[in-house]
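Student: I have just opened this structure and would like to learn how to read it. Could you take me through some of its features, please?

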Amino acid sequence: MSIERPVVVPHATLSQLDQRSREIFKQIVESYLATGEPVGSRNIARLITTPLSPASVRNVMADLEHAGLVYAPHISAGRLPTETGLRFFVDALLEVGDLSAEERSSIEAQVAGEGRTMAGILAEASTLLSGLSRGAGVVLVAKSDTRIKHIEFVGLDPTKALLVLVADDGQVENRVVMLPPGLPASALVEASNFLSARIRGRTLAEARADIASGLAAGQAELDQLTQRLVQAGLASWSGGAAGERQLIVRGQANLLENLKALEDLERIRSLFDDLEAKRGVIDLLNRAEVAEGVRIFIGSENKLFSLSGSSTIAAPYRNAEGQIVGVIGVIGPTRLNYARIIPMVDYTAKVVSRLMGASMPDPTLA
């Protein structure tokens, strides 16, 4: 499992921290990840293996604070890690765990599901990660360069039809389109045949220009109402603006658990606003697509979550040609259980890739 992280250089480096400072710093971070509370020198003195008095621990904590790795939220409080300290911990001290055989089997069984479509697999993967992490599970759905296997209009009533799209990788997308007034029933078949003949085995980008030029030049033997139906179906499929991508978010309610203070609630409200403004989340996850493995963003390292103080752990998934086509991950507070969630995200992305027919090693061997 490879992990790619943005490079952040704290005031101190690992080589400048002696064993005593390293142990105290690690205890501060691990206590924060477990409880979210500041930890004081007396508790640290009881937890560390090196025998030190609370006064000696306070001196080390002061040095760590000067180095920009910890801070005191109140004058008389213990210490919490800064975002820089968390990044330092994740990069230099975190021991990433591994999943048991039972956990791997459970993830595979839950994500795959008998007879589940690719869209269902991605939604289930998001739900799974949300439940396992107690954060919000997110999936950035495959790019619009998926090749289409089948397209069809199905009449619902005189004013609406269901546009059914089936991709080569098994994804099924259904969209309701409005029918032009006075459209004959035969027009649904004509429009389906027209699009299928030009789209099958091609991506939307490859087919869109050809279809548009064919309609504009009147090369297609379609009446005016049927042409409008074809254009409506094409616009619906493209999702409006070129390059638009779907974001699946599950488990936002998990983020409301274990809130300890009013500022926590305000932070979560800010995060909910971020998740509602999906454009920013998509931009963030797009950055994770350039990585070969798991990518970790902590707090204000990305401007999207600068107010909510949230972290993102994400990994790309691949299509049958081994190309990265989307991202799967977890968004939650900065005190996520990184050691446990990182391998979960990594393995789930591999399972999704395998189910898409990616030419990559079996995730059980990774």
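**Helices, strands and a buried residue**

Tutor: Let's begin with a helix pair: the axes of helix α5 (residues 101-112) and helix α6 (residues 118-133) come within 8 Å and cross at roughly 140°. Axes are lines fitted to C-alpha atoms, for helices over the stretch in contact, with angles from 0 to 180 degrees between N-to-C directions.

Student: What should I know about the model and its numbering?

Tutor: This is a predicted model, where local features need pLDDT of at least 70 and side-chain atom pairs count only at pLDDT 80 or more, while totals for chains, interfaces and linings use all residues. Residues are numbered from 1 along each chain as its sequence is written, and side-chain values use heavy atoms, with hydrogens and water left out.

Student: How is a packed helix pair described, and which residues of α5 meet α6?

Tutor: In general, two packed helices are described by the angle between their axes and the distance between the axes. Here Ile107, Gln110, Val111 and Ala112 of α5 meet Ile121, Glu124, Ala125, Leu128 and Leu132 of α6; contact means heavy atoms within 4.5 Å. The residues of this contact divide into seven nonpolar, one polar and one charged. For those classes, Ala, Val, Leu, Ile, Met, Phe, Trp, Tyr, Cys and Pro count as nonpolar, Asp, Glu, Lys and Arg as charged, and the others, Gly among them, as polar.

Student: How many helices and strands are there in the chain?

Tutor: The chain has twelve helices and eleven strands. Helices (H or I, at least four residues) and strands (E, at least two) are DSSP runs, numbered from the N terminus.

Student: How do I read a sheet, and what is the order of the strands in the open sheet of three?

Tutor: Strands of a sheet pair through backbone hydrogen bonds, either parallel or antiparallel. Two strands count as paired if DSSP finds at least two bridges between them. In this open sheet the order is β5-β6-β7, with antiparallel pairing. β5 (148-157) and β7 (172-178) stand at the edges with a single partner strand each, so one side of each has no neighbour in the sheet. On average, neighbouring strands of this sheet are turned by 20° against each other, direction ignored. Seven bridges join β6 (residues 160-167) to β7, and Leu165 has Glu173 in β7 as its bridge partner. Helix α7 (residues 186-199) packs on the sheet, touching β5 and β6, and its direction makes about 165° with that of β5.

Student: Is strand β4 buried or exposed?

Tutor: Buried means under 20% relative accessible area, exposed over 50%, and partly exposed in between (1.4 Å probe, protein chains only). Five of the five residues of β4 (residues 136-140) are buried, so this strand is largely enclosed by the rest of the structure. Ala136, Val138 and Leu140 point one way, and Gly137 and Val139 the other way. β4 pairs in the antiparallel sense with β11 (residues 324-333) over five bridges and with β8 (residues 247-250) over four bridges. Gly137 has Val330 as its bridge partner in β11 and Arg250 in β8.

Student: Where does Ile298 lie?

Tutor: Ile298 lies in strand β9 (residues 294-298) and is buried, with a relative accessible area of 0%. Its C-alpha atom is separated by 7.7 Å from that of Leu86, 212 residues apart along the chain.
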